[in-house]
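Keep the coordinates open as you read.

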Amino acid sequence: MEGLWDFLRSLHDAYGINLVHFYDTFERGRMLRGMWTSIKLAAVCIVLSVLIGILGAWLQGSRFKVLKAVVQGYIQFFRNTPPLVQMYFFYFALGPQMPRVVNEYGISQPMLGSFEWAVISLSFFAGAFNIEIFRSGVEAVQRSTVEAAESLGFNRWQIYRYVVLPLAVRVCLPALNNNLVNLIKTTTQAYAIAVPETLFVASQIWSDRINVFEMMVTLLTFYLLLVGIFVWLMTRLERSLRVPGFGQ
Amino acid sequence: MRRLMGVLAIGVVAALMGSTAAKADQLAEIKKKGTLIVGVKTDYPPWGMRDASGNIVGMEPDMAADVAKRLGVKLELVSVVSSNRMQFLQQGKIDLMIATMSDTPERRKVVGIVDPVYYASGVAILANKKANIKGAGDLKGKPVCALQGAFYNNELQSKYTGTDLVAFKGIPEAEQALLDGRCVGFVYDDVVLVWKKAQDKKWEAFDVVALPEWKPVPWGLAVKTEELSGPWGKFMAEATKDWLKSGTLLALEKKWVGSNTQWLIDASAAAKK
């Protein structure tokens, strides 16, 4: 490993290509921590937003008007406001109103930190879109299939869980992929509320080391890889879930 | 070798003559036209700002007024910003620039920064009293608010906090995070923090703790490069020396900022000797 770092260091001396975020131990440490934070943030938000989507789509089919209205209100609120504004709102407006806890330094601080708020705002944001995506899948399931399940004595949740959802997922996977890819990219906005993710760390490094060009290339490559791996996984999932003849 | 020396000597003499010939006596010119034009800031309270009726006021405008008084001429203030202040001076739009400018070797190549410098800002932390912070050594492992892109961020994290800084794009966000208890303190220019604390009651539970780990960056007032060694540059150097010696700057700082910074106390004491 040392040999590689020395090689990168020599690139700087010889050609002015400053890859300090790889060969300097401190910069590498925070760069890797930043990338790990991005991955964690993306993973947690993907799981939560899909759960919100599944639950929301089910509630939309509810017989209770109030419940339907609540879901509709939620979708409108989160779909019609920019994610960056939501994040600021949660962190600076809602955050300080939350119950406070006294931290180890004797200062009373709001219960939720910047990472938690980023998770909440991003999950709800992507979740709102996911509900609509799942709804499109649910509505594509033929009425006769649902009726067949009803005649077998399934209750509403059982029908959703065992019949409608498995078929709906297959229909809406491509659209879901799109939205989740978008979600991964939107995690960079957590930068605004000081979540030390990749973009945040990169901007610290490029302002300290003035290696803007190299950092931009690194950032782009990182997200290209991260999203690439995710899309590859989702394509495999899509293929493994394929039901021959379904949807043709 | 001899011939080479001879050529060099002629060159030096020619250069000297050239420079004296090109040097107009700006000091005499200012006296002749009866107005001194000074470029100051209006976006950096309390060093330079506009009052309720739109007049430019602040510590640096007061210094400019003192220069005009010494010359016995009228004063005209021109609002400059960081990105145009040196150009204004070069183009002759202003005679003198007192605009919170940090003194750097690069800038000394472009404008004539007058020695001695009149002010300096260091780095300090506006710390929550409960966190009991006495210096940079107490920051280990603690969340510290900062501004993205500040020159001390790297060292602050690698040497002192050891954890990622809570860094924001603008001052208001960092202040809000500090007030909300999301960090133990906000690291920024000491003079601004001192002023903020004196200005606003909301900082009562906070202390400004100096971080002498970072040397103060001097602020220089400037004249045109070619005037620096001429009568105008010498006049301003004498005026600055006198401001330090007589305690004028200390009094102005007290008036505008609210209290005195250690750098100015030390510089004034040194000037008296």
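In which sense do strand S9 (residues 123–128) of chain B and S13(B) pair, and over how many bridges? S9(B) and S13(B) run antiparallel, over five bridges. Two strands count as paired if DSSP finds at least two bridges between them. Helices (H or I, at least four residues) and strands (E, at least two) are DSSP runs, numbered from the N terminus. Within this pairing region, B:Ala127 stands opposite B:Asp207 of S13(B).

A note on the source. This is a predicted model, where local features need pLDDT of at least 70 and side-chain atom pairs count only at pLDDT 80 or more, while totals for chains, interfaces and linings use all residues. Residues are numbered from 1 along each chain as its sequence is written, and chains are lettered from A and ligands numbered from 1 in the order in which they are written.

Now widen the view to the sheet. Five strands of chain B form an open sheet, ordered S11-S10-S12-S9-S13, with mixed pairing. S11 and strand S13 (206–210) are its edge strands, each pairing on one side only. From one strand to the next, the twist averages 25°. H6(B) packs on this sheet and touches strand S10 (144–147), S11 and strand S12 (185–189). The direction of H6(B) makes about 165° with that of S10(B). Axes are lines fitted to C-alpha atoms, for helices over the stretch in contact, and angles run from 0 to 180 degrees between N-to-C directions. Contact means that C-beta atoms, placed from the backbone, lie within 7 Å.

Next, the chain interface. Here 18 residues of chain B are in contact with 17 residues of chain A. On the chain B side, helix H6 (153–161) and strand S11 (166–168) each supply at least two residues. That side has five nonpolar, eight polar and five charged residues. Ala, Val, Leu, Ile, Met, Phe, Trp, Tyr, Cys and Pro count as nonpolar, Asp, Glu, Lys and Arg as charged, and the others, Gly among them, as polar.

Finally, turn to chain A. Helix H9 (residues 198–209) and helix H10 (residues 212–240) of chain A pack at about 165°, with axes 9 Å apart. H9(A) and H10(A) are therefore roughly antiparallel, a label for angles over 145 degrees. Among the residues making the contact are A:Leu199 and A:Trp206 of H9(A), and A:Met215 and A:Phe222 of H10(A). By class, the contact divides into eight nonpolar, two polar and no charged residues.

Key: Contact = placed C-beta atoms within 7 Å. Parallel < 35°, antiparallel > 145°, perpendicular 65-115°, else oblique.
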